[in-house]
Amino acid sequence: MSAPQKTINPIESLHSNLNKEILIKIKRNRVFKGILKSYDAHLNVLLENCIYEYKIEDKEGKSIDKAEKFPQIVIRGDNIVFIGLAIK
């Protein structure tokens, strides 16, 4: 008989990622990368040194990568699709 598996609370697991760089994907395929400074029970998050990465199409239909920087940004938990450690 195997030992029972410990359940993991996803919100509590964010605590171990405070002050670390994370990646957040929100609705409409938008991606934010930044330092996780805080979060709440509704999964609202505060990121610092955040980069918003997105793609646009030029006149020929070619995809162009774009990025915008924000010193701080709050992302509402209702919009979050997933959160993960950012790849450096």
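User: Why is Asp65 called exposed?

Analyst: The relative accessible area of Asp65 is 58%. A residue is exposed over 50%, buried under 20% and partly exposed in between (1.4 Å probe, protein chains only). Since 58% is over 50%, Asp65 is exposed. This is a predicted model, in which local features need pLDDT of at least 70, side-chain atom pairs count only at pLDDT 80 or more, and totals for chains, interfaces and linings use all residues. Residues are numbered from 1 along each chain as its sequence is written, while side-chain values use heavy atoms, with hydrogens and water left out.

User: What makes the contact of Lys55 with Asp65 a salt bridge?

Analyst: The term requires a side-chain nitrogen of Lys or Arg within 4 Å of a carboxyl oxygen of Asp or Glu. The closest N and O atoms of Lys55 and Asp65 are 2.8 Å apart, and the pair therefore qualifies. The two residues belong to distant parts of the chain, 10 residues apart: Lys55 is in strand 3 and Asp65 in strand 4 (residues 63-75). Lys55 is likewise exposed, its relative accessibility being 58%.

User: How many salt bridges does a search of the whole structure find?

Analyst: The search finds three salt bridges. One of them joins the side chains of Lys33 and Glu53, with an N to O distance of 3.5 Å. Lys33 is part of strand 2 and Glu53 part of strand 3 (residues 45-57), so this pair ties together parts that are 20 residues apart in sequence. Another joins Arg76 and Asp78, whose closest N and O atoms are 3.0 Å apart.

User: Why do Arg76 and Asp78 receive their accessibility labels?

Analyst: Arg76 has a relative accessible area of 52% and is exposed. Asp78 has a relative accessibility of 49%, so it falls in the partly exposed class.

User: What makes strand 1 and strand 2 a pair?

Analyst: Strands pair if DSSP finds at least two bridges between them. Strand 1 (residues 21-26) and strand 2 (residues 30-39) have six bridges and run antiparallel, so they pair. Lys25 stands opposite Val31 of strand 2. The two strands form a hairpin with three residues between them, and Arg28 in the turn has a positive phi of about 65°. Strand 1 is also joined to strand 5 (residues 80-85), in the antiparallel sense, by five bridges, with Leu23 opposite Gly84.

User: What are the elements of the chain, and how do you know that it is more spread out than a compact globule?

Analyst: Helices (H or I, at least four residues) and strands (E, at least two) are DSSP runs numbered from the N terminus. The chain has one helix and five strands, in the order α-β-β-β-β-β from the N terminus on. Its radius of gyration is 16 Å, well over the 12 Å that the globule rule gives for 88 residues, so the chain is more spread out than a compact globule. That radius is taken over C-alpha atoms, and the rule is 2.2 Å times the number of residues to the power 0.38. The C-alpha trace spans about 60 × 35 × 25 Å along its principal axes.

User: Why does Asn17 count as buried?

Analyst: Asn17 has a relative accessibility of 17%, so it counts as buried. Asn17 is placed in the loop between helix 1 (10-13) and strand 1. Not counting residues up to four places away in sequence, Asn17 touches Ile22, Leu36 and Leu85, where contact means heavy atoms within 4.5 Å. Of the 88 residues of the chain, 23% count as buried.
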